[in-house]
Amino acid sequence: MLFLLFGSSAAGKSYVLARLGGRVRALAIHDFDEIGVPAGADATWRQGANEEWVQRAIAYEWAGTDLLLAGQTPVGELLRTPSVGLLDGVSACLMDCDDDTRITRLHARGPEWLASTGGTLQDYLNWAAWLRDHAVEQNAHVIDGAAPVDEVADALVEWIRTERARATPRRPASA
């Protein structure tokens, strides 16, 4: 199964990933950007990257492991990936925080971080608002990334366990 943890920058995705290691059996944890993001990455690149991650999730499934993928990919876009139908399932969770928290976290990254992205603070707030609406449209689970990190990690573990219990795998689980 592919678990997509998506959200705008500064929602807390990367920070909480370190707290998940070893807490959920048979779960590989990856950040979407691990594969590298080229300068000028566009929709065509993003769609190809989605396919690459889905292919990795399929390989993990065959080995008896699920994949938790954290990034900014909207779930609707991931669901349009050509090979997604080969997965046992996809579950999505928006990690979000209020705008004040996001602004504080983005400012803490320093002005050079924002300058290097080519975006503005308002761009990140707008993207976060769009992702909130998208999560509702896609019936995605939502977790408050502004909560204490251990609470966020507990909520993610519970979400994964609940979704696994609902799933009907096509392949037998490994021992």
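Just after helix 6, asparagine 139 takes a positive phi of about 55 degrees. This is a predicted model. A search of the whole structure finds 5 aromatic pairs and 0 disulfides.

**Phenylalanine 3 and tryptophan 159**

- The ring centres of phenylalanine 3 and tryptophan 159 are 5.3 Å apart, with the planes at 75 degrees, so this pair is edge-to-face.
- Phenylalanine 3 belongs to strand 1 (residues 2-6), while tryptophan 159 belongs to helix 7 (residues 149-166). The pair therefore ties together parts that are 156 residues apart in sequence.
- Phenylalanine 3 and tryptophan 159 are both buried.

**Tryptophan 127 and tryptophan 130**

- Tryptophan 127 and tryptophan 130 form a stacked aromatic pair. The distance is 5.3 Å centre to centre, and the angle between the planes is 5 degrees.
- Both tryptophans lie in helix 6 (residues 121-137). They are 3 residues apart, about one turn of the helix.
- Tryptophan 127 has a relative accessible area of 28%, so it is partly exposed.
- Tryptophan 130 also counts as partly exposed, at 41% relative accessibility.

**Other rings and charges**

- Phe32, Trp45 and Trp53 are linked into a cluster by ring pairs.
- Arginine 56 places its charged end over the ring of tryptophan 53, 4.6 Å from the centre of that ring.
- Arginine 109 lies over the face of tryptophan 113, and the distance to the ring centre is 4.7 Å.

- Helix 6 has 17 residues and should span 24 Å at 1.5 Å a residue. Its end C-alpha atoms are 25 Å apart, which agrees.
- The buried residues of helix 6 are Tyr124, Leu125, Ala128, Leu131, His134 and Ala135.

**Aspartate 99**

- Aspartate 99 is found in helix 4.
- Its relative accessible area is 31%, so aspartate 99 is partly exposed.
- Leaving out residues up to four places away in sequence, aspartate 99 touches Leu125 and Arg132.
- The C-alpha atoms of aspartate 99 and alanine 129 are separated by 9.1 Å. Along the chain, these two residues are 30 residues apart.

**Serine 91**

- Serine 91 has its place in strand 4.
- With 6% relative accessibility, serine 91 counts as buried.
- Leaving out residues up to four places away in sequence, serine 91 touches Met1, Leu2, Phe3, Leu4, Trp159 and Glu163. Two of these contacts, Phe3 and Trp159, form the edge-to-face pair described above.

**Cysteines**

- The closest cysteine sulfur to that of cysteine 93 is in cysteine 97, 13 Å away and too far for a bond.
- From cysteine 97, the closest cysteine sulfur is that of cysteine 93, again at 13 Å. A disulfide needs the sulfur atoms within 2.5 Å.
- Cysteine 93 counts as buried, at 0% relative accessibility.
- Cysteine 97 counts as buried too, at 4% relative accessibility.

Definitions and conventions
Residues are numbered from 1 along each chain as its sequence is written. This is a predicted model: local features need pLDDT of at least 70, side-chain atom pairs count only at pLDDT 80 or more; totals for chains, interfaces and linings use all residues. Side-chain values use heavy atoms; hydrogens and water are left out. Rings of Phe, Tyr and Trp (its six-membered ring) pair if their centres lie within 6.5 Å; planes under 30 degrees apart count as stacked, over 60 as edge-to-face and the rest as tilted. Helices (H or I, at least four residues) and strands (E, at least two) are DSSP runs, numbered from the N terminus. Buried means under 20% relative accessible area, exposed over 50%, partly exposed in between (1.4 Å probe, protein chains only). A charge sits over a ring if NZ of Lys or CZ of Arg is within 6 Å of the ring centre and within 35 degrees of the ring normal. The expected span of a helix is 1.5 Å times one less than its number of residues. Contact means heavy atoms within 4.5 Å.
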